[in-house]
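I opened a new page for this chain. My plan is to look up a few places and write down what I find.

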Amino acid sequence: PGVRPEQADGFARALLGADCGPDDGRRTAALVGWVLERAALQGHTALDAEAVRAALAERAVSDPDAAVREAVEEGVALLFQEGEDEEPEEDEAAAEGGLAPDADTPREPVRILLGLDRYALAEESLADGLARLVNACEKAADWAEAAAAAPSPSAAELIRTTAAAGLVAHSGGEAARAEPAALIAVARGLGLRAFGAAHSEDGRRRLAAATGDPDTAVTLAGLLSGSQGPGRDEDGALALDLLVVLDAPQLDVESAAVLVEALADGARLVLSGDPGVLGSAGAGRVFADVLAARTCPQVVSRTPTRPHRRAGLRHRHRRAEPGRRPGQGVVIVPS
């Protein structure tokens, strides 16, 4: 990690001399892994194979296609075909209806993707876990009376939605953070083991202040390690009924997979955050993908965000002095 291809090439030439070249299998396999690791730093769990081949060509690989094939055969990367499941289903449906597939009908091209196995396995685990939460939750819960006493209409909507769903996506700005806190308080009042998880200690303290109960707020790391929160039950799952994750855009795919896998069947998960903020530092954009998939209820906060006071800017222009460019001004920003 941290070694650039130029540095690795220089070391290889010094060590092996003429025995190494741009198309050495060890070099091309390492380059494929390096390209995918760099993509992961930018949030991508998989990369289009064409982009990988282009990156290899830029690194003097004469046959990028062969290099990609060898990397897949060696297990350096996994290959995926996006959209490969749709066509067989369409052909089968046409056959059942007595219609032969039209060879002239244009089909969407199958997109070939490459990814590292760790992220592919995490994405598969996360998808399975989220589907399990959606299907295993009790959807007949009646929290209408509690929702009627909510502090805001958006909080009431979030409470009603969570009562009928195992997975909920809640989006809003800074002012909307009071709504997940109200949901946790209501769930606690109904006798449920409800907790909220923040990504930082400061976020945990703010959530505890909003709910009025320090025991309801944990950090995500503390929850998963067992140093904070309810601990685990006899089956190894987190001993809770409802978990609200604040600042959900910061969730990367590996952390999200571990978290969802730790939730028991029937538990409810609420992902809450502002989709307009920066994403996770790791690979994957879990919250954005959940919003885009539209496979679970989404609650958009209507609580207005308090406008920030705009600081006035004043420009004071002075006569050009030695060492100062004409027209240069001083910007004063009052505190």
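**Entry 1: the whole chain.** I noted before anything else that the model is predicted. I looked up the secondary structure and found 13 helices and eleven strands. The protein chain has 335 residues, and 37% of them are buried. I then checked the contacts with a separation of 6 or more, and residues 24 or more positions apart account for 69% of these. The chain exposes about 19,300 Å², of which carbon and sulfur atoms supply 52%.

**Entry 2: Thr 28.** I picked Thr 28, which lies in helix α2, residues 25-41. Is Thr 28 buried or exposed? Its relative accessibility is 3%, so Thr 28 counts as buried, the limit being under 20%. Leaving out residues up to four places away in sequence, I listed what Thr 28 touches: Pro 22, Asp 23, Leu 56, Val 61, Ala 67 and Glu 70.

**Entry 3: helix α4.** Just after α4, I found Gly 75 with a positive phi of about 85 degrees.

**Entry 4: positive phi without glycine.** Ala 60 is not a glycine, yet it has a positive phi of about 70 degrees. I located Ala 60 in the loop between α3 and α4. Ala 60 has a relative accessible area of 47%, so I wrote it down as partly exposed. Asp 247 is not a glycine either, and its positive phi is about 50 degrees. Asp 247 sits in the loop between β7 (242-245) and α12. With a relative accessible area of 23%, Asp 247 is partly exposed.

**Entry 5: α6 and α12.** How do the axes of α6 and α12 cross? The axes of α6 (residues 117-136) and α12 (residues 253-261) come within 8 Å and cross at roughly 40 degrees. The two helices are therefore oblique to each other. I recorded the crossing as left-handed. On the α6 side the contact includes Tyr 119, Ala 122, Leu 126 and Leu 130, and on the α12 side it includes Val 253, Ala 256, Ala 257 and Val 260.

Note on methods. Residues numbered from 1 in each chain as written. Predicted model: local features only at pLDDT ≥ 70, side-chain atom pairs only at ≥ 80, totals over all residues. Heavy atoms only, no water. Helix = DSSP H or I, 4+ residues; strand = E, 2+ residues; numbered from the N terminus. Buried < 20%, exposed > 50% of the residue type's maximum accessible area, 1.4 Å probe, protein only. Contact = heavy atoms within 4.5 Å. Areas by Shrake-Rupley, 256 points an atom, 1.4 Å probe, with all protein chains shown as cover. Axes fitted to C-alpha atoms, helices over the stretch in contact; angles between N-to-C directions. Parallel < 35°, antiparallel > 145°, perpendicular 65-115°, else oblique. Left-handed = near helix turned anticlockwise from the far one by under 90°.
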